[in-house]
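Please open the structure in a viewer and keep the selection panel at hand.

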Amino acid sequence: MTDKMDLGNLTSPLNLALILVIGYVVIELRDFTPKELAEFNGIDGKPIYLAVCGKVFDVSSKPDFYGPGSMYENFSGRDASRGLAKNSFDPSVLTDVDLPIDKLDNLAAEEKNSLEEWFQFFSGKYTCIGQLVENK
Ligand code: HEM
């Protein structure tokens, strides 16, 4: 005969609080397709999101960098990875939002390093709110 499981531990206030916190984090991280992400470009007061290395960051707090008419507006609502890797804000460097996600497998070693540094920069400065997934 096995002992009955002790449910008392699972329902302790601390465990319930932990379950709520974990649930909140899981719910808050949502998937964005490239087409969905493109909506969040700061135009008409919308939030400003961009993706780096598959993660979506909320950069709405810096409209002077990413808002309409700003220096880095080309990254807003887009997967910015290749532009950051190549230190280019030329919009043609970025993959069209209708196409499959850029796999970034043909970058030079120094471009990969540059991208990794930018990823660390965005992770440290901005909130990650989701991940980039393929268009449906
Ligand atoms: C024309 C040459 C450039 C100048 C004069 C310039 C200037 C600046 C300045 C003054 C900042 C703010 C730094 C701070 O807040 O401490 C900045 C940030 C930044 N620059 Fe540039 N930049 C140049 C080129 C580029 C290029 C080619 C890229 C493309 C990858 C780029 C991407 C960024 C990004 C992503 C930020 C971070 C903005 C943030 O804090 O979220 N910059 N740049």
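The stops below cover a pocket, a ligand and a sheet.

Before selecting anything, note that the model is predicted: local features need pLDDT of at least 70 and side-chain atom pairs count only at pLDDT 80 or more, whereas totals for chains, interfaces and linings use all residues. Residues are numbered from 1 along each chain as its sequence is written, and side-chain values use heavy atoms, with hydrogens and water left out.

**The largest pocket**

Select Tyr66, Tyr72, Phe75, Leu84 and Trp118; of the 14 residues lining the largest pocket, these are the closest to its centre. A pocket here is an open set of points, on a 1 Å grid over the protein atoms alone, where a 1.4 Å probe fits, with protein on both sides within 12 Å along at least five of seven lines; lining residues have an atom within 4 Å of a point. The pocket has a volume of about 220 Å³, taken as the space filled by probe spheres set on the points, which are joined across faces, edges and corners.

Next, select helices H4 (63-66), H5 (81-85) and H6 (109-125), each of which supplies at least two lining residues. Helices are DSSP runs of H or I with at least four residues, strands are runs of E with at least two, and both are numbered from the N terminus. H6 gives the most to the lining, with 4 residues. By class, the lining holds 10 nonpolar, 3 polar and 1 charged residues; Ala, Val, Leu, Ile, Met, Phe, Trp, Tyr, Cys and Pro count as nonpolar, Asp, Glu, Lys and Arg as charged, and the others, Gly among them, as polar.

**The ligand**

- Tyr66: a side-chain N or O atom is 2.5 Å from a ligand oxygen atom.
- Tyr72: a side-chain N or O atom is 2.6 Å from a ligand nitrogen atom.
- Lys125: a polar side-chain atom is 2.5 Å from a ligand oxygen atom.

Finally, select the open sheet, in which 4 strands follow the order S1-S4-S3-S2 with mixed pairing. Its edge strands are S1 (30-32) and S2 (49-52), each pairing on one side only; strands pair if DSSP finds at least two bridges between them. S1 and S4 (residues 127-132) run parallel and are joined by 3 bridges. To view one of the bridge partners, select Asp31 together with Gln131 in S4.

Conventions. Polar contact = N/O pair within 3.5 Å; in protein donor to acceptor, adjacent residues only side chain to side chain.
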